[in-house]
Amino acid sequence: MTLRTTSRSRSSSSPADDAAHRWGAAALAMLAGMAVGLALAWLPLAFDGIEAGMPTFIFGGAIAGAVTGLLFPSAAMAGVEGVLHFFIGAGSMVAEAPLTPSRHSPGWLKACLVFGMLFALVLWILV
């Protein structure tokens with residue numbers, strides 16, 4: 001006797017669930033975009049205090065994150081994860097306790113972590 005199972009688990013989400021997912025991704029991506037904009041605005045300041053439009057970088061990052069979150073929520077959530085890894089890497093260098101990337105992480109997350117470490121190191125050298 002053979003036991004057969006049929007899987008009929010369709011992910012049927014309501015339009016309200018889809019909208020909530022998109023708006024949540026937009027909010028998180030907006031915050032991540034603001035953080036990236038702030039990090040990019042620090043770079044010109046590190047080069048002898050060159051004045052750059054800091055609000056432009058921050059506002060531009062926020063708008064880019066929010067639009068990406070609304071249009072492509074899955075990609076935006078991956079971007080938020082990458083930004084978090086970037087700042088964790090930068091924070092570990094500031095705290096003088098460098099982290100080693102997990103061997104279970106995807107390669108692009110390892111790259112975000114290492115890039116954050118290098119970003120903090122370059123800022124430390126310049127400032």
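**Before starting**

The model is predicted: local features need pLDDT of at least 70, side-chain atom pairs count only at pLDDT 80 or more, and totals for chains, interfaces and linings use all residues. Residues are numbered from 1 along each chain as its sequence is written, and side-chain values use heavy atoms, with hydrogens and water left out.

**The whole chain**

Begin with the whole protein in a cartoon view. The secondary structure consists of 4 helices and 0 strands, and the order along the sequence is α-α-α-α. Helices (H or I, at least four residues) and strands (E, at least two) are DSSP runs, numbered from the N terminus.

Next, show the surface. Accessible areas come from the Shrake-Rupley method with a 1.4 Å probe, and for residues only the protein chains shown count as cover. Of the 127 residues, 24% are buried. Buried means under 20% relative accessible area, exposed means over 50%, and partly exposed lies in between (1.4 Å probe, protein chains only).

Among the contacts with a separation of 6 or more, 74% join residues 24 or more positions apart.

Select residues 15-46, which form helix α1. Show the side chains of D18 and R22, which meet in a salt bridge at 3.4 Å, N to O. A salt bridge is a side-chain nitrogen of Lys or Arg within 4 Å of a carboxyl oxygen of Asp or Glu. The structure holds 1 salt bridge. Both D18 and R22 belong to helix α1, 4 residues apart, about one turn of the helix. D18 counts as partly exposed because its relative accessibility is 33%, and R22 is likewise partly exposed, with a relative accessible area of 28%.

Now select L28, M30, L31, M34 and M77, which make a nonpolar surface patch of about 400 Å². Patches are made of residues with over 30% relative accessible area and no salt bridge; like charges are joined within 9 Å, and nonpolar side chains (Val, Leu, Ile, Met, Phe, Trp, Tyr) within 5 Å. Helix α1 gives the most to this patch, with 4 residues. L31 is one of the patch residues and is found in helix α1; L31 counts as exposed because its relative accessibility is 51%.

**The largest nonpolar core**

Select A29, A32, A76, V80 and V83, the 5 residues of the largest nonpolar core. Two or more residues of this core come from each of α1 and α3 (73-94), and α3 gives the largest share, 3 residues. A nonpolar core is a set of buried Ala, Val, Leu, Ile, Met, Phe, Trp, Tyr and Cys residues joined through side-chain atoms within 4.5 Å. Centre the view on V83: apart from residues up to four places away in sequence, V83 touches A32 and V36.

**The aromatic cluster**

Select F86, F87, F115 and F119, which ring pairs link into a cluster. Rings of Phe, Tyr and Trp (its six-membered ring) pair if their centres lie within 6.5 Å; planes under 30 degrees apart count as stacked, over 60 as edge-to-face and the rest as tilted.

The whole structure has 3 aromatic pairs. The pair of F86 and F87 is edge-to-face, because the ring centres are 5.0 Å apart and the planes stand at 80 degrees. F86 and F119 form a tilted pair, 5.3 Å centre to centre with 55 degrees between the planes. F86 lies in helix α3 and F119 in helix α4 (residues 107-126), so this pair ties together parts that are 33 residues apart in sequence. Both F86 and F119 are buried, whereas F87, at 30% relative accessibility, counts as partly exposed.

Select S92, which is found in helix α3. S92 counts as buried, at 6% relative accessibility. Beyond the neighbours within four places in sequence, S92 is in contact with A97, P98, L99 and M117.

Finally, select E96, in the loop between α3 and α4. E96 has a positive phi of about 55 degrees although it is not a glycine. E96 is exposed, with a relative accessible area of 71%.

Definitions and conventions:
Contact = heavy atoms within 4.5 Å.
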